[in-house]
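Please read them with the sequence and the model open.

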Amino acid sequence: MIPARIDLADPSRTEALARIVAGVARAGDVIALSGEMGAGKSVFARAFLRAFANDPALEVPSPTFSLVQPYDTAQGPVTHFDLWRLGGPDELEALGWELAREGIVLVEWPDHAGDWIEDDALRITLSAGPRDDARVATIAGWPDRLAAILRVMARR
């Protein structure tokens, strides 16, 4: 499948994309967020978790130092991994990756996970846009749901 490109004019558009993805995510999904430091991965992750939990005030700390942050929501568990500091893919088992796969896995820096990220993951790469707060999202995966995500995003 050819990756789709979405221009995100500002952080509110990144948040809108995250809310749309949260609306179609289901147990067993992996959402892999890539991009340079400051590209908007944390903005996306916070908006996704708040939307999925249906709690706009949900505290969403960055798991940069703990590497993993679990959330129990009414819709099921979500585990947020930040693998920036991961020593190697072999450490994922000790972090509870397999157990987390029973729910939704949201992972920043997925390239640090090696082969643990399956082919059926939704891969979102955020990169700098034409202005300081603009971003470009390149999205691939979830062929059964990607078209719906793109349609909803185009209407907003």
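1. In this predicted model, a polar contact of 2.4 Å joins the side chain of Ser 12 to the side chain of Asp 10. Ser 12 belongs to helix H1.

2. Is Ser 12 buried, exposed or partly exposed? Its relative accessible area is 41%. Buried would need a value under 20% and exposed one over 50%, so Ser 12 counts as partly exposed.

3. Ser 12 and Ile 104 are 92 residues apart along the chain, and their C-alpha atoms are separated by 23 Å.

4. Helix H1 covers residues 11-24 and helix H2 covers residues 41-52. Their axes come within 8 Å and cross at roughly 45°. H1 and H2 are therefore described as oblique to each other. The crossing of H1 past H2 is right-handed.

5. Which residues make this contact? On the H1 side they are Pro 11, Thr 14, Glu 15, Leu 17, Ala 18, Arg 19, Val 21 and Ala 22. On the H2 side they are Val 43, Phe 44, Ala 47, Phe 48, Ala 51 and Phe 52. Sorted by class, the contact of H1 with H2 holds 11 nonpolar residues, one polar residue and two charged residues.

6. Thr 73 lies in strand S3, which spans residues 68-73. Its relative accessibility is 15%, so Thr 73 counts as buried, the cut-off being under 20%.

7. A polar atom of the Thr 73 side chain lies 2.5 Å from the backbone oxygen of Gly 76. Leaving aside residues up to four places away in sequence, Thr 73 touches Phe 52 and Ala 53. Phe 52 is also one of the H2 residues in the contact with H1.

Key: Residues numbered from 1 in each chain as written. Predicted model: local features only at pLDDT ≥ 70, side-chain atom pairs only at ≥ 80, totals over all residues. Heavy atoms only, no water. Axes fitted to C-alpha atoms, helices over the stretch in contact; angles between N-to-C directions. Helix = DSSP H or I, 4+ residues; strand = E, 2+ residues; numbered from the N terminus. Parallel < 35°, antiparallel > 145°, perpendicular 65-115°, else oblique. Left-handed = near helix turned anticlockwise from the far one by under 90°. Contact = heavy atoms within 4.5 Å. Nonpolar A, V, L, I, M, F, W, Y, C, P; charged D, E, K, R; others polar. Buried < 20%, exposed > 50% of the residue type's maximum accessible area, 1.4 Å probe, protein only. Polar contact = N/O pair within 3.5 Å; in protein donor to acceptor, adjacent residues only side chain to side chain.
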